Amino acid sequence: DLKSALKTVGTTEVAAQVGASALPDRIGIFLFNDGPATVYVGPTGVTTSGATKGLPLFKNQSIYYELPDFVALFVIAGSNGNSVIIQEIA
């Protein structure tokens with residue numbers, strides 16, 4: 001199964017998943033930064049700098065995680081109005 005969504009990412013972390021919860025039996029998640037600014041990917045509490053800074057995902061860059069549905073992934077940016085395409089694979 002494959003689910004896809006476009007999420008708006010700003011200065012408050014958002015869950016990097018398609019729906020209100022992860023796709024059941026998810027085996028992976030793909031993120032593509034379709035926005036103008038760098039976004040940062042990490043666990044809950046991820047930030048854009050310091051000790052909790054996430055992995056940077058630059059404009060037009062993508063990343064894939066082999067990540068089961070019980071592991072949460074979050075995205076944040078230093079400014080509002082950024083788009084991230086998210087696809088979950090089960």
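Where is Asn60 found? Asn60 sits in the loop between β5 and β6, and Asn60 has a positive phi of about 65° although it is not a glycine. Strands here (E, at least two residues) are DSSP runs, numbered from the N terminus. The model is a predicted one, in which local features need pLDDT of at least 70 and side-chain atom pairs count only at pLDDT 80 or more, while totals for chains, interfaces and linings use all residues. Residues are numbered from 1 along each chain as its sequence is written, and side-chain values use heavy atoms, with hydrogens and water left out.

Now for the sheets. An open sheet of four strands runs in the order β1-β8-β3-β6, with antiparallel pairing; two strands count as paired if DSSP finds at least two bridges between them. At its edges are β1 and β6 (62–65), each of which pairs on one side only. From one strand to the next, the twist averages 20°, where axes are lines fitted to C-alpha atoms and angles run from 0 to 180 degrees between N-to-C directions. Strands β1 and β8 pair in the antiparallel sense over eight bridges, and in this pairing Val9 stands opposite Asn82 in β8. Strands β3 and β8 are also antiparallel, pairing over six bridges. Here Phe32 stands opposite Ile85 in β8, and Gly28 stands opposite Ile89 in β8.

Four strands also form an open sheet in the order β2-β7-β4-β5, again with antiparallel pairing. Because β2 and β5 (55–57) stand at the edges with a single partner strand each, one side of each is left without a neighbour in the sheet. Strand β4 (residues 39–42) pairs with β5 in the antiparallel sense over three bridges, with Val39 standing opposite Leu57 in β5.

Strand β8 is worth a walk along its length. Buried means under 20% relative accessible area, exposed means over 50%, and partly exposed is in between (1.4 Å probe, protein chains only).

Asn82 is found in strand β8 (residues 82–89). Asn82 counts as buried because its relative accessibility is 0%. Its side chain reaches the backbone oxygen of Ser79 at 2.7 Å. Asn82 touches Lys7, Thr8, Val9, Gly35, Pro36, Ala37, Val39 and Ala77, not counting residues up to four places away in sequence; contact means heavy atoms within 4.5 Å.

Of the 14 residues in the largest nonpolar core, Ala16, Ile29, Leu31, Val39, Leu73, Val75 and Val84 touch the most other members. Such a core is a set of buried Ala, Val, Leu, Ile, Met, Phe, Trp, Tyr and Cys residues joined through side-chain atoms within 4.5 Å. The elements that give two or more residues to this core are β3, β4, β7 (74–77) and β8.

What about charges? Side chains of opposite charge can pair when their charged atoms come close. A salt bridge is a side-chain nitrogen of Lys or Arg within 4 Å of a carboxyl oxygen of Asp or Glu, and by this rule the count comes to one salt bridge. Glu88 forms a salt bridge with Arg26, and the closest N and O atoms are 2.7 Å apart. This pair links distant parts of the chain, with Glu88 in strand β8 and Arg26 in the loop between β2 (14–15) and β3 (28–33), 62 residues apart. Glu88 counts as buried because its relative accessibility is 1%, and Arg26 counts as buried because its value is 4%.

The loops supply some exposed residues. Asp25 lies in the loop between β2 and β3 and, at 61% relative accessibility, counts as exposed. Phi of Asp25 is near 65°, a positive value in a residue other than glycine. Thr12 lies in the loop between β1 (2–9) and β2, and its 56% relative accessibility is why Thr12 counts as exposed. Thr12 touches Val75 and Ile76, not counting residues up to four places away in sequence. Thr12 and Phe58 are 46 residues apart in sequence and 18 Å apart in space, C-alpha to C-alpha.

How values were computed
A polar contact is a pair of N or O atoms within 3.5 Å; within protein, one must be able to donate a hydrogen and the other to accept it, and residues adjacent in sequence count only if both atoms are side-chain atoms.
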